[in-house]
Amino acid sequence: MSSNNTEQTYWWKYGVVYHIYPQSFMDSDEDGFGDLKGIIQKLDYLVSLGIDAVWLSPIYPSPMVDSGYDITDYKNINPLYGNIDDFMQLLAQAHSRGLKVIMDLVLNHTSDQHPWFLESRSSKNNPKRGWYIWEPPKLGKKPNNWMTNFGQSAWTYDSFTNEYYYHSFFKEQPDLNWRNSELRSEMYDVIRFWLELGVDGFRLDVINLIFKDKHLRKNPIGFLLSKKKVYNRNRPSVCEVLTEFRSILDEYPHKTSVGEIYSPPPGDPDLTARFQGNGSDMLHMAFDFSAFFSRWSAKAYYEMIKNYYQALPKDGWPCFVFSNHDLGRSTNRWMFSFYKIEKAKVRAMLLLTLKGTPFIYYGDEIGMENVNISRSQIHDMYGKLFYPFYKGRDAYRTPMQWNSQINAGFSKTRPWLPVHKNYKTINVENEEGRRDSILSLYRGLIQLRKKYTILQYGDFEFIDSGNPKVLSYRRYFENKSIVVILNFSNNSEKVEISGLRDYSYLYSISDLDNCDDTLSDILVLKAFEGFILSSK
Ligand code: GLC
Ligand code: MG
C-alpha cells in the first residue's frame, strides 16, 4: 500500500479532484472570460489547497451553444481560452507542481458546425453520412417519439437531404453514431492525441447516451405523458465501447476516467455501477447523482451512501460529488437554506472522509452561492428558452471570488456573468485569513486526508450511534482506525459509541480547544458539529 508505485498508479483513488469551469476561474487577458493563462496563475492556490488533480470542463473550439459541450475540433483549444501552447504550458506547470489534469470529453455529440457534421449533412452518400444518426421520415413524420432531455423531439428535419437527424440535447448538438467503425476509430485517435500530450485522464460527458436502440423502438409513456427514456440510453453496447476505451487508457501509465451517468431523482447507483464493469475493465469511476438529490438528514445520507457502496462492483472505486455546473451549488440545494455555512462545513467533512475520490466544484471550498441572474444576463440557452420557468445554469457558473477588489479579482473587465454580491466576504483572500472559514476547513481536511492515509484507502463501515440525527462511520486499515461523527441537526445531539475511550481527537469542525483530551463512550455534539477521532 505504501509503495511509491502504488501511490502513483492509484493517485486517482487517493487524491482530491477539483473541477474548474474555465470561463469562470481566472481571466488573464481582460476580456471578461476565464482562460488557460488565468488557470496557470492560480495553480499555486490549488497547490495550497492541497488538491491532486484538476478536471477542466471542455476547452475545445466551439460555437458555445452549450458552453463548449458542442465541439467543432477535438484536437484544438478554443481561442477564448488560449491555444495549444498555452495548454502545454498549463500541463507542464501543473505537472511540475504534482497536479494532474483531466480533460472533459464529449463523445456523444459534436457541434452542428463540426466539419464532420457539415459533410455528413451535405448528401446521403457522403462518406461521413454514417457518422451521425440519420433517418428518413416515417409515414411523413418523425422516426419515433424519442425526446431531448428538455422534452422536445430529439429529431430535427434537415431539408438538405429530407431526413431527420438525432440529437439528445439541442439541435445544434447532433449525436454521433457509435455503430460506425470509422467514427469510433477517429474518436479513439482523439483520445490518444491527448494522452500522448500528457493529460492524465478524462471525464466522459453523458457517456451512457452514446448508443440508442438499433430498431428505434418507441419509448413507453411515463408520468404526465413524458416518455421514459428506455431505448435511447443505457444500451448494453455502451459497455463494449467503455471496454475498448479502458484498454486504450491502460496502454498509458497512471491514467484515469470518470463517467457522467445521470439519472433523474432519486438517482440510480445500480445504473452507475453498471458502467464500471468488474471494477477494472470499464470506467475507473462514475458519478452517481443520488448525492445531489438526497434530503438534508443524517438518515437520508446514510441511505444514499449505503446504497451507492452496495451497488459498486467488488473492485469498483467510489467517488463523491455534491455540486457541479449542471445541478447547482450544494450551498443552495435545500429550500429555505438556513444554516448554509454550517451545512457546507458538515458536507466538507463528509466529502473528505468518505471512502471514494472527492470532487470539489470550484468555489465550493469558500462557500460560493448561486447568483440571482436577471433575464438579460442569461447565457445558458436552456435559460433563454425556458425563462421564467427555468432560468438555466448560469447561477452556479459565475466568476470565482478571489478577493474583495473589483469583479472579485477575477477580471479587470466586466465578467461574462455577474459576480455574487457577497464577494466582499465570501472570497479566497478573506477566508484565508480566518481560522473558522469554510476554506480553512477544506484546507485542514485535505491536509488531514493526506497525512492519515486511512482516510484515502481505508475500509469503511457505518457505526450505529443510537442517534438518527448523527451520521457516524469508521475508516480502518489493519489495526488502525478513524471514526467520523457528523451532527446534521441544528440542535446539540448525544451519541453513544462503545470503545471511544481508545480514541483521541484529531479534528473538529468548530474547534478542538474546548475538547477534553480523554474521550468516553458518550459524546455530545453541538449543532452541525463534526469530529474526527483516531485510534490510539
Ligand atoms: C453534460 C454536461 C452538460 C451538457 C450536456 C450536453 O450533462 O455536463 O453541461 O449540457 O452534457 O453535452
Ligand atoms: Mg480571458
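Which side chain has an N or O atom 3.0 Å from an oxygen atom of ligand 1? It is the side chain of Arg 393, as the views of this predicted model show.

**View 1. Polar side chains at ligand 1.** Besides Arg 393, with its N or O atom 3.0 Å from a ligand oxygen, Asp 66 places a polar side-chain atom 2.6 Å from an oxygen atom of ligand 1, and for His 109 the corresponding distance is 2.9 Å. Of the 300 Å² of accessible area that ligand 1 has on its own, the protein covers 96% (Shrake-Rupley method, 1.4 Å probe).

**View 2. The shell around ligand 1.** Among the 13 residues around the ligand, those that come nearest are Asp 66, Asp 205, Glu 260, His 325 and Asp 326 (a residue is near if one of its heavy atoms lies within 4 Å). The shell comprises 7 charged, 3 polar and 3 nonpolar residues, where Asp, Glu, Lys and Arg count as charged.

**View 3. The magnesium ion (ligand 2).** Lying 2.1 to 2.3 Å from the ion, the protein donors are Asp 27 (OD), Asp 29 (OD), Asp 31 (OD), Phe 33 (O) and Asp 35 (OD) (donors are N, O and S atoms within 2.8 Å of the metal, or 3.2 Å for Na, K and Ca; water is not among the atoms, so the site may look incomplete). Their spacing in sequence is D-x1-D-x1-D-x1-F-x1-D.

View 4. Asp 35 counts as buried because its relative accessibility is 2%, whereas Asp 31, at 32%, counts as partly exposed (buried is under 20%, exposed over 50%, partly exposed in between; 1.4 Å probe, protein chains only).

**Notes.** Residues are numbered from 1 along each chain as its sequence is written, while chains are lettered from A and ligands numbered from 1 in the order in which they are written. In this predicted model, local features need pLDDT of at least 70 and side-chain atom pairs count only at pLDDT 80 or more, whereas totals for chains, interfaces and linings use all residues, and side-chain values use heavy atoms, with hydrogens and water left out.

Definitions and conventions:
A polar contact is a pair of N or O atoms within 3.5 Å; within protein, one must be able to donate a hydrogen and the other to accept it, and residues adjacent in sequence count only if both atoms are side-chain atoms.
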